[in-house]
Amino acid sequence: MTERSVVVTGVGVVSALGLDHGAFWSALREGRSGIAELRGVDPEQVGFRYGAQLPEFVPAEILPDKEDQTLDRCVQVGLLPAREAVADAGLTFDAELGARAAVVTGCAVGGKLTEDGEFRKLYAENKKRFHPLTVPRVMGNAGASRISLEFGITGPVFNLSTACSSANHAIGHAFWLVRSGAVDVALAGGHEAFFCLGHLKAWDALRVVAPDTIRPFCRDRSGMILGEGGAMLVLETREAAQRRGARIYAELAGFGMTSDAHHLTMPSVDGPARAIAAALHDARLEPEQVGYINAHGTGTPANDPNETKAIRAVFGAHADRLAVSSTKSMHGHALGAAGALEGVATVLALHHGVLPPTANFTEADPECDLDYLPNRARAQQVEAALSNSFAFGGLNAVLAFRRA
Amino acid sequence: MTDHTKPDPTEQELFEKVAAALGEAKGIDPAEITLDSKFEQLGVDSLDAMELLFELEEQLDVDIPDAAARQMRTVRDVVVGLGKLIRGEPIELPESPGEPPAAAQA
C-alpha cells in the first residue's frame with residue numbers, strides 16, 4: 001500500500017497578534033510585534049516587564065456560551081482556534097467521521113491561572129475551600145477533551161507535554177496517525193495561557209526572559225519574551241481533501257524527533273541536527289529542496305548560535321541559500337503552543353509565497369551567520385519549509401512541510 | 001532588606017559563604033576552592049551557577065541583576081559582585097554581553 005499524503009486544510013490561531021489566523025498572518029507579513037507591557041500582573045513583583053499577551057477581548061463576545069466563559073483561559077485559547085480551524089476547513093463531523101478522527105494537543109503547563117488563583121485563596125486569603133472544578137480545569141488534557149466534546153471526536157484524543165516542543169510532538173504524532181491510516185482526520189496543535197504571578201516568577205528565576213524585547217540571532221539579544229495563545233491545524237489525507245473539494249494550504253510531509261541526553265537546559269548541536277535530518281528523511285526531502293526554516297529562535301544566548309550550528313551541520317553549503325526566521329519575535333514564546341503558532345506561520349508562508357521576518361532585528365551575532373530575514377517579509381515561493389522546536393530537557397521535534 | 005545594624009561582611013567572609021555554598025551544592029571540598037577558581041574548572045555549569053546565586057541571594061537578602069549574573073564566571077566575580085550589592089554600589093558591566101554563558105535555551 002502506498003503511503004497516504006497528509007495535507008493541511010484548515011488553520012486557527014489566537015495570539016498576541018490577534019484572535020484569528022487572518023490577524024496573525026497580517027502581523028507576520030508586516031513584521032509587527034505583539035509584545036507589550038504586562039497586563040494583569042504587577043511587573044515589579046514579576047521581575048520583568050514585557051510579554052506577548054492576547055489583545056483585550058470581551059469573553060461574552062467570542063465565547064457566547066456561559067459554560068465556555070468559566071473554562072480556564074488555557075482551554076479557551078485551545079477551543080477558539082479549534083473552532084476556527086474546523087470552520088476554515090469547511091469540515092462537519094458526523095458520528096462516523098468523529099470515530100475516525102483524532103485530537104492531539106500540545107500543552108506543557110496546563111491551567112496555571114486556575115491553579116494560581118486557588119493557591120492564592122489558600123495561602124494568602126486564608127480561605128478553606130477550593131472550587132470543585134479545579135482539577136478538571138488544571139489538567140493538561142483539559143483542552144484536548146473540551147475540543148473532542150465540541151466536535152464529537154471519539155477516536156484517539158490525547159495531550160503531550162514536552163515543554164517547548166509539545167505542539168510539534170502533537171502535530172507530528174497526529175500526522176503519523178493520519179498517514180498510517182489509523183484515523184482519517186486530525187485536529188492538532190497547541191495551546192497555553194500562563195500569565196499569572198506564580199508561573200511568571202518561575203521564569204524570572206531562570207534568568208532567561210529579556211528585560212525589553214526579544215532579538216533573535218542578534219548580537220545584543222538578551223533573552224526570550226513569553227507569549228500566550230493557541231493554534232490548531234486540520235490534517236487529512238490529500239485524497240479526502242480533493243474528494244470534498246477542500247482548499248489545501250500545504251502538505252505536512254515529515255516529522256523527526258530526537259533527545260539530546262546531554263543536559264537539562266543547555267542544548268546540544270547533535271540532537272537538534274539529528275531531528276532536522278530525521279524530519280527530512282521522513283518527508284523524503286533532499287536538504288536542497290528546503291527554502292525556509294521557522295526557527296526555534298528563542299533569543300536566548302544559548303539557543304541561537306546552537307540552532308545556527310545545527311542548521312549548518314545538516315544543510316552544509318545550502319545553509320547559505322535558505323532563509324531562516326524566528327516569528328517568536330512577534331508572537332512571543334508560547335511554550336507548549338509555540339510549535340503550533342509556528343507551524344501555522346510556516347503553512348501560511350508556503351501558501352502565500354511570503355516568508356515572515358525576524359522582527360526587532362538589530363545586528364547579527366557573529367556566531368549567527370545565516371539569512372534571518374531581518375525585519376521585512378520576503379515574497380518568495382519555496383518548495384519546502386521546516387518548523388523547529390527544541391525543548392528544555394533536550395527534546396527536539398521538527399516538522400517538514402511541502403508546498404501544496 | 002539587608003540588616004544595616006550589622007557591619008558589612010568582609011571579602012573573606014563572603015568568600016567563605018560562596019565556597020561553603022559551592023561545596024554543599026556540588027560536593028566540592030571548600031579547601032580546593034580559591035578566589036580565582038573558575039566555575040568551569042569546578043564543574044559548575046550555567047544551571048548550577050543560577051542555583052548557587054539563588055542560594056546566596058537568599059542567604060544575604062540581595063538581588064543580583066540578570067545581566068550581572070550572566071557575567072559571573074569565577075568565585076571572585078561572585079564575591080566582588082555580592083560585596084558591591086551589599087554596599088549598595090553599582091555593578092559595572094562590559095558594553096557587549098560577551099560570550100554567552102547562558103542559563104538555557106528555553
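Residues are numbered from 1 along each chain as its sequence is written, while chains are lettered from A and ligands numbered from 1 in the order in which they are written. Because the model is predicted, local features need pLDDT of at least 70 and side-chain atom pairs count only at pLDDT 80 or more, whereas totals for chains, interfaces and linings use all residues; side-chain values use heavy atoms, with hydrogens and water left out.

I begin with chain B. Its secondary structure consists of four helices and zero strands, in the order α-α-α-α from the N terminus. Helices here are DSSP runs of H or I with at least four residues, strands are runs of E with at least two, and both are numbered from the N terminus. Chain B has 106 residues, and 41% of them are buried. By buried I mean under 20% relative accessible area, by exposed over 50%, and by partly exposed anything in between, with a 1.4 Å probe and protein chains only. The accessible surface of chain B is about 6100 Å², and carbon and sulfur atoms account for 50% of that surface. These areas come from the Shrake-Rupley method with a 1.4 Å probe, and for residues only the protein chains shown count as cover. As to contacts (heavy atoms within 4.5 Å), consider those in chain B between residues at least 6 apart in sequence: 60% of them join residues at least 24 apart.

How do helices H1 and H4 of chain B pack? H1(B) spans residues 11-26 and H4(B) residues 75-86; their axes are 9 Å apart, at an angle of about 125 degrees. Axes are lines fitted to C-alpha atoms, for helices over the stretch in contact, and angles run from 0 to 180 degrees between N-to-C directions. The two helices are therefore oblique to each other. For reference, angles under 35 degrees count as roughly parallel, over 145 as roughly antiparallel, 65 to 115 as roughly perpendicular, and the rest as oblique. The crossing of H1(B) past H4(B) is right-handed, that is, the near helix is turned clockwise from the far one by less than a right angle, anticlockwise being left-handed. On the H1(B) side, the contact involves B:Glu11, B:Leu14, B:Phe15, B:Val18 and B:Leu22. Residues of H4(B) in this contact include B:Val75, B:Val78, B:Leu82 and B:Ile86.

One further residue of chain B deserves mention. B:Asp48 lies in helix H2, residues 46-60, and is buried at 18% relative accessible area. Not counting residues up to four places away in sequence, B:Asp48 touches B:Lys26 and B:Gly43. Its C-alpha atom is separated by 13 Å from that of B:Val18, 30 residues apart along the chain.

I turn now to chain A and its helix packing. Helix H1(A), residues 21-30, and helix H16(A), residues 338-352, have axes that come within 11 Å and cross at roughly 75 degrees. H1(A) is thus roughly perpendicular to H16(A). A:His21, A:Phe24, A:Trp25 and A:Leu28 of H1(A) meet residues of H16(A), among them A:Leu341, A:Val344 and A:Leu348.

Next, the cysteines. A disulfide is a covalent bond between the sulfur atoms of two cysteines; the criterion here is a pair of cysteine sulfur atoms within 2.5 Å. How many disulfides does the structure hold over all chains? There are zero. A:Cys74 is in no disulfide, and the nearest cysteine sulfur, that of A:Cys107, is 3.6 Å away. A:Cys74 is buried, with a relative accessible area of 2%. A:Cys196 is likewise in no disulfide, the nearest cysteine sulfur being that of A:Cys74 at 11 Å; A:Cys196 is buried, at 7%.

A:Arg207 is not a glycine, yet has a positive phi of about 60 degrees. It is found between helix H11 and strand E7 and is buried, at 6%. Is A:Arg284, with its relative accessibility of 63%, buried or exposed? A:Arg284 counts as exposed; this residue sits between helix H13 and strand E9, with a positive phi of about 55 degrees. Finally, A:Asp320, between helix H14 and strand E10, is exposed at 52% and touches A:Arg312 and A:Asp369, not counting residues up to four places away in sequence.
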